[in-house]
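I set out to record a few local features of this model, one entry at a time. The entries follow in the order in which I looked things up.

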Amino acid sequence: MGGRERIDASVQRGDPCHTPSRFLEPLLQVAAPARPPVRVGIMVDSSQLYRIFAEQLAALRRSPYVDVCCVVRNGAASGTVAAGRGGLRWLRAPMRKRLAYALYTRWDRRHVRAMHDPLALVDASALLEKLSEVVVEPERHGFRQRFPAPAIDTLRRLDLDVLVRFGFGILDGEVLEVARHGIWSFHHGDNRRVRGTPPGLWELIESHPHTGAVLQRLTSELDGGHVLARGTYPTEAGLSAARNRLAPYWGTSELLLLRLWQLHAVAPSVLPQLPAEPYAGRRKIYRVPGNGDVVRWLSRAVASGIRRRVT
């Protein structure tokens, strides 16, 4: 598909420093009680997934204590998460306000090879084949998405323990409770300090000492779900958000399997979660930075670098 790499359940190779293999493989060998496996559904926009999600799905398909029994596909998606990246869209007024960020990301992506990039697109069709498929066109309510009643009824009949979100947008309504233990989703950022997007960038702009990621059970509060597990890592020195994302993405990739194993082996009726902590971010919700944000940040960083060289 367009030259993109194809991932299947037997392919788990790459740099051990920046792929989930070193974390996921031991978890697949952990013994568990003789109970039925955890029934999991996967939510996607298309068969093209970010590498981090494709690797996690491959591990789930091989896990003896997880039964990936269906895929919930977004019928309203364009068919690829890369759609709409054409250069002409930057001529529109709202996009011109983010032109500096677009130029920055073009420069930044050179810092990570595609085989290590957790956000590189790969073809995961081999992982999704033979799974029963539920196609849903979510209803838009502002910036949130809700599932229509027939889709809710279909999902309830599947008797799922967990839905894992690898696609769709900001979800709300009955779908949040359609699985026994809700919808699980990664937020790549420490939601005690940074809620929103882009992952790994605002920690650099605001000089946070640590960058994190959480696995959460989604609620109606934006980026404020029940935290199931958390990982924090030293923020990468320099100006590259792509490099700063590597440790939080790959380092927390085992959290999904670990929590599913615990759900299966330790507490099949209770979902453990971390205690809530107050939000201390400077902004309520972080968004793609405007031209002024990027220019001020880079200007300070360059000036600081010059001062260090001079002194």
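Entry 1: I first looked up the exposure of H208, and H208 is buried, with a relative accessible area of 13%; buried means under 20% relative accessible area, exposed over 50% and partly exposed in between, with a 1.4 Å probe and protein chains only. The model is predicted, so I note that local features need pLDDT of at least 70, that side-chain atom pairs count only at pLDDT 80 or more, and that totals for chains, interfaces and linings use all residues. Residues are numbered from 1 along each chain as its sequence is written, and side-chain values use heavy atoms, with hydrogens and water left out.

I placed H208 in the loop between α7 (202-205) and β11 (210-217). Helices (H or I, at least four residues) and strands (E, at least two) are DSSP runs, numbered from the N terminus. Leaving out residues up to four places away in sequence, I found that H208 touches R193, V194, W202, E203 and T235, where contact means heavy atoms within 4.5 Å. The H208 side chain also makes a polar contact with the side chain of E206 at 2.8 Å. A polar contact is a pair of N or O atoms within 3.5 Å; within protein, one must be able to donate a hydrogen and the other to accept it, and residues adjacent in sequence count only if both atoms are side-chain atoms.

**Entry 2: an open sheet.** I traced three strands in the order β6-β7-β9, an open sheet with mixed pairing. β6 (139-141) and β9 (170-171) stand at the edges with a single partner strand each, so one side of each has no neighbour in the sheet. Strand β7 (residues 144-146) pairs with β9 in the parallel sense over two bridges; two strands pair if DSSP finds at least two bridges between them. I noted I170 in β9 as the bridge partner of R144.

**Entry 3: strands around β8.** I found β1 (residues 38-44) and β8 (residues 162-165) paired in the parallel sense over four bridges, with L163 in β8 as the bridge partner of G41. β8 also runs parallel to β10 (residues 183-187), joined by two bridges, and V164 stands opposite W184 in β10.

**Entry 4: two helices.** Which residues of α4 meet α10? I listed L99, A100, Y101 and Y104 in α4, meeting N291, V294 and W297 in α10.
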